[in-house]
Amino acid sequence: MKKMKRICALALAGIMATSVTACGSKNEGSSGSGGNEGKEAAAVELPSITEIKLGEEHTDLSAELKVLTNRTDLIDSSFAQYNTEFNKLYPNIQISYEGVTDYAEGITMRLTTDDWGDICMIPTTIDKTELPDRFISYGAKTELDGRYNFLNKFSFENQVYGMPSMGAAQGIVYNKKVFADAGITELPKTPDAFLEDLQKIKDNTDAIPLYTNFAAGWTMSAWDAYISGTATGDPDFHEKGLMHGVNPFAKQDDMTGPYSIYYTLYEAVKRGLTEDDPTTTDWEGSKPMLNNGEIGCMVLGLWSVIQMQEAGSNPDDIGYMPFPVSVNGKQFATAGPDYCYGINKKVSADNQLASMIFVKWMVEESGYAVESGSLPALLDAEYPEILKDFEGVGFVVDNSPAAGEESYFDTVNNESEIGLDNSPKPKQDIVEAALLGTMTLDEIMDEWNKKWTSAQENNSIATEAYDYRAATK
């Protein structure tokens, strides 16, 4: 399939260039971690990650690194194999992994101290303004953009603090046999067409049409990933439509925009097209259920596909389809980073350099993204075969905020308590309201708009009407 020079030219063309700073970044090292406790490190100017030549320099560097990971299932398998390969180039850099269960919450607590380890997967609970105090920079974003995708998430003031482990397109993982058995011959392109297909699954098969995975919590936050590029086709929507737009959660006549995403969830629950009791859902159990046809589909990122394929004896039945929203007659899919590697700013100079070398090797040489069925962060990589249903779909990468506005989203999102990307509760509230009939979706979205507007006003953020449709014409 075609190369990824850029995931989407439309998405990346509008990225704002900020002032270029030096490629290296001085990082103050203090007490070491991962075997360097007590070792003081003077200020060191690290190379940018693009300047490191793997296997050609620093091959005698010694360090013991601790990596905190959400992938507890890979520590003794894939990660152990990666370590073996990495040590063929860097025999004196030893890697140990610590798996963190309930990662989003657990890692946030761990990061309140300085001695948590050397490398972590940065949680979405970290505000951008905190990045320079916690993590080292991989280099100037204007430089790294020429080699890597998905850098916006953890960049601040033209410095990149989070290196994507892989990229994820946002769609729906589904069982192709269940869809076929239900009589579905063409994938849906609108929310109502999707809901009609879910009804066909309920009427013609024994499968649960849409599984919410409500009880897991973090799986509900996955719905937020679709409200910008997927629902609008506009790479500027996240920073302009959400941050400066008026009532961004309002219903649109063409059933696009953020409302359309939550409408899909609300209506599926209201119409009885999900599991009977959301509180009893089981994340680990849902994987074999989808694999063997007990579940029709789940709204999750591309990363989930390989887990579903490996969960049973029917990997060929697993497919991945675009989320059913069409803007000006075309479908889009948000593309962005999965978890990003962050390097502890408080560890020793040697450990900082060793960590950057290891991160570069993982991103460029390990094959981790391909093995996970995801999009590599490295440019010029191939699309995975699982994306064949995305032919003709536009991939959209959210553009960076304007200079001086890097903290706007975190501020408004947290103050409004909408919790986009970082809290499952508002989405769980939607499920409960639909199940119990306590609030209509319009009432919920009106409440969100009021809270969002109040936070915009409290922080003196200018607003005006914003039409994202112009970006797709």
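Trainee: In what order do the five strands of the open sheet come?
Mentor: The order is β4-β3-β5-β16-β8, with mixed pairing. Strands here are DSSP E runs of at least two residues, helices are H or I runs of at least four, both numbered from the N terminus, and two strands pair if DSSP finds at least two bridges between them. This is a predicted model, where local features need pLDDT of at least 70, side-chain atom pairs count only at pLDDT 80 or more, and totals for chains, interfaces and linings use all residues. Residues are numbered from 1 along each chain as its sequence is written, and side-chain values use heavy atoms, with hydrogens and water left out.

Trainee: Which are the edge strands?
Mentor: β4 (93–99) and β8 (163–164), each of which pairs on one side only.

Trainee: In what sense do β8 and β16 pair?
Mentor: Antiparallel, over two bridges, with β16 spanning residues 340–343. M163 has Y341 in β16 as its bridge partner.

Trainee: Which strands does helix α2 touch?
Mentor: Helix α2 (residues 78–89) packs on the sheet against β3 (63–69) and β4, where contact means heavy atoms within 4.5 Å.

Trainee: New topic. How many cavities of 30 Å³ or more are there?
Mentor: The search of the whole structure finds three. A cavity is a set of points on a 1 Å grid over the protein atoms alone where a 1.4 Å probe fits but cannot get out, and lining residues have an atom within 4 Å of a point.

Trainee: Which residues line the largest cavity?
Mentor: Among them are V67, F79, Y97, Y341 and F358. β3 and α14 (349–364) each supply at least two residues of that lining.

Key: Axes fitted to C-alpha atoms, helices over the stretch in contact; angles between N-to-C directions. 1 Å grid on protein atoms, 1.4 Å probe; cavity = no way out; pocket = protein on both sides within 12 Å on 5 of 7 lines; lining within 4 Å. Points joined across faces, edges and corners; volume = space filled by probe spheres on them.
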